[in-house]
Amino acid sequence: MKIEVIRADDMRFLDEQAHSFAQPRQDNVLASGVGYFFQRELEYIYQRTLEAKVAPPNAFKFFSIDSSVPEGATSYTQRLMEPTGEATLIANYADDLPRVNVTRKEESRAIRMMGDSYSYSVMDIMAASMSSQPLDQDLGFAAREAIERKHNRLCWFGDQQAGLWGVLAHPYIPRFAFTNAISSASTPDQIIDELNDMINGVNSLSKTTASPNTLVLPPDEYAYIHSTARSATSDTTIAAYLIANNPFLEMIEQAWECAADQNGGQALCLAYRKDPMNARYVAPIVFRQLPVERRNLEFVVNNIASSGGFYTPRPLEMVVGELA
């Protein structure tokens, strides 16, 4: 029989190894670079990235987009025509009949370009490919969203320095000053009377040729008239009463662009006829991505758009209300 001799120091080594495998040290398992990978294997990653919510651009909801202006135009002209003169009673063989005429007025507005861009490097492309993340899609979405926000701001507020008019700052659209607030500080009757005066005033001013069918309010005032009863003995809200009893009004909408913090501290509302021929936003180019440009180890995508501001051939068919 063969006898194997094992050194005592070898035995101690084996004992220590056996002890270490039986009772692993916790700091080794959780140490950086060891436990991290086990934790990542057990982590579930959502395939859809959560997107931060931003205020919706309401210009595209309320007004039609006019892209009929050629893309290369630097301005567009609005022509207004108004007949003048009256007929009169005459006697036989009269030769002094009154003349009628047509007055024409032209007004030109500028077309302005806007743009933004995004870029990604060679490393970004490789990282996106490895993680299966739509890098190009996310950046393109962000670029378009920024352009739409600019369109929205120009449609509502315009840009005085650029010569673009917005619907809430249009020089030809009449203004109506409220004396009673659309809040608990006023009675429902006072609120109804003032809103009716503003809407019906357009019909009177235009000699019944215009009748606003849409009322746009700031969010707070919109919520108030939809949640406040018309009277203490009625379950009909102020909003429902207005739509049911005003001969012209068909819908009441809300827009955060009308809020006081968006208009220098003055809350506004708008009454107009929702008609593509009456109220529209001029945008020869709504959004366009140009070809990708390679710059060393970076790829750049430029995006362009153009705007002519808010346009209405019949400004007297609208009214902007200055809320109390």
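The legends below describe close-up views of a predicted model.

Residues are numbered from 1 along each chain as its sequence is written. In this predicted model, local features need pLDDT of at least 70, side-chain atom pairs count only at pLDDT 80 or more, totals for chains, interfaces and linings use all residues, and side-chain values use heavy atoms, with hydrogens and water left out.

**Figure 1. Confidence along the chain.** The pLDDT, the predictor's confidence in each residue on a scale from 0 to 100, has a mean of 84 over the chain. A value of 70 or more is reached by 82% of the residues. Over residues 17–32 the pLDDT is below 50, and this stretch has six contacts in the model beyond near neighbours in sequence. A contact means heavy atoms within 4.5 Å.

Figure 2. Trp165 lies in the loop between helix 6 (135–157) and strand 5 (175–177). Helices (H or I, at least four residues) and strands (E, at least two) are DSSP runs, numbered from the N terminus. Trp165 counts as buried because its relative accessibility is 18%; buried means under 20% relative accessible area, exposed over 50%, and partly exposed in between (1.4 Å probe, protein chains only). Leaving aside neighbours within four places in sequence, the contacts of Trp165 include Glu107, Arg109, Leu154, His170 and Phe310. The C-alpha atoms of Trp165 and Arg109 are 8.6 Å apart, while the two residues are 56 residues apart in sequence.

**Figure 3. Thr228 in a loop between two helices.** Thr228 belongs to the loop between helix 8 (219–227) and helix 9 (238–245). With a relative accessible area of 16%, Thr228 is buried. Its side chain reaches the backbone oxygen of Tyr224 at 2.7 Å. Apart from neighbours within four places in sequence, Thr228 is in contact with Thr236, Thr237 and Ile238.

**Figure 4. Salt bridge between Glu253 and Lys61.** A search of the whole structure finds nine salt bridges, each a side-chain nitrogen of Lys or Arg within 4 Å of a carboxyl oxygen of Asp or Glu. One joins the side chains of Glu253 and Lys61 (3.6 Å, N to O). This pair links distant parts of the chain, with Glu253 in strand 7 (residues 251–254) and Lys61 in helix 4 (residues 59–62), 192 residues apart. Glu253 is buried at 17% relative accessibility, whereas Lys61 is partly exposed at 46%.

**Figure 5. Salt bridge between Arg288 and Glu71.** The side chains of Arg288 and Glu71 meet at 2.5 Å, N to O. Because Arg288 is in strand 10 (residues 288–289) and Glu71 is in the loop between strand 1 (64–66) and strand 2 (75–84), the pair ties together parts that are 217 residues apart in sequence. Arg288 is partly exposed at 34% relative accessibility, and Glu71 is partly exposed at 40%.

Figure 6. Glu148 forms a salt bridge with Arg144, and their closest N and O atoms are 3.2 Å apart. Both residues belong to helix 6; they are four residues apart and therefore separated by about one helical turn. Glu148 is partly exposed, with a relative accessible area of 24%, and Arg144 is partly exposed at 36%.

**Figure 7. Backbone of Asn296.** Most residues other than glycine have a negative phi. The phi of Asn296 is near 55°, a positive value in a residue other than glycine. Asn296 is found in the loop between strand 11 (293–295) and strand 12 (298–307), and counts as exposed at 71% relative accessibility.

Methods. A polar contact is a pair of N or O atoms within 3.5 Å; within protein, one must be able to donate a hydrogen and the other to accept it, and residues adjacent in sequence count only if both atoms are side-chain atoms.
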